[in-house]
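Hello,

Here is the structure I promised to hand over. Have a look at it first, and then read on for what turned up in it.

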Amino acid sequence: MACANMAEMTDNLKLTLFSTDGCHLCEQAWALLEQTNLSKVTVLEDIINDERWLADYGVRIPVLQHSSGRELDWPFTAADIIAFNREI
């Protein structure tokens, strides 16, 4: 049943991970997304590509953003990511 719930959860899910090159915390965050099978529905955005992102996330990355606009700031765990995506 947990797998069915995860499948349902990812059907309409879109996440964005704000990061940048050389960010070891961002690499850890991506590994957690892979571990939770959510990397498939996650867009990786480099904050250097947008001045607004750089201003908003420059000292906060990695930041995971849900398509609803909610954000999860580092540090987070795999369990935190799953819980974050269930809160709608």
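A word on terms to begin with: two strands pair if DSSP finds at least two bridges between them. Helices (H or I, at least four residues) and strands (E, at least two) are DSSP runs, numbered from the N terminus. Please keep in mind that this is a predicted model, in which local features need pLDDT of at least 70, side-chain atom pairs count only at pLDDT 80 or more, and totals for chains, interfaces and linings use all residues. Residues are numbered from 1 along each chain as its sequence is written, and side-chain values use heavy atoms, with hydrogens and water left out.

Let me start with strand E1. E1 and strand E2 (residues 42-46) run parallel and are joined by 5 bridges; one of the pairings is Thr16 with Val43 in E2. Strand E3 (residues 63-66) pairs with E1 in the antiparallel sense over 4 bridges, and there Leu15 has His66 as its bridge partner.

How many residues of E1 are buried? Taking buried as under 20% relative accessible area, exposed as over 50% and partly exposed as in between (1.4 Å probe, protein chains only), 5 of the 5 residues of E1 (residues 15-19) are buried, so the strand is largely enclosed by the rest of the structure. In a regular strand the side chains alternate between the two faces of the sheet. In E1 both faces are covered, with Leu15, Leu17 and Ser19 buried on one side and Thr16 and Phe18 on the other.

Next comes helix H2 (residues 24-35), which makes a right-handed β-α-β unit with E1 and E2. (Right-handed: with the strands pointing away from the viewer, the path from the first strand over the helix to the second runs clockwise.) Cys26, Ala29, Leu32 and Leu33 of H2 are buried. Seen down the helix axis, the buried residues fall within an arc of 115° (taken from the directions from the axis to the C-beta atoms), so they line one face of H2. They pack against E1, E2, E3 and H4, where contact means heavy atoms within 4.5 Å. The face of H2 turned away from the buried side carries the exposed residues His24, Glu27 and Gln35. After H2 comes Asn37, with a positive phi near 60°.

I hope this helps you find your way around.

Best wishes
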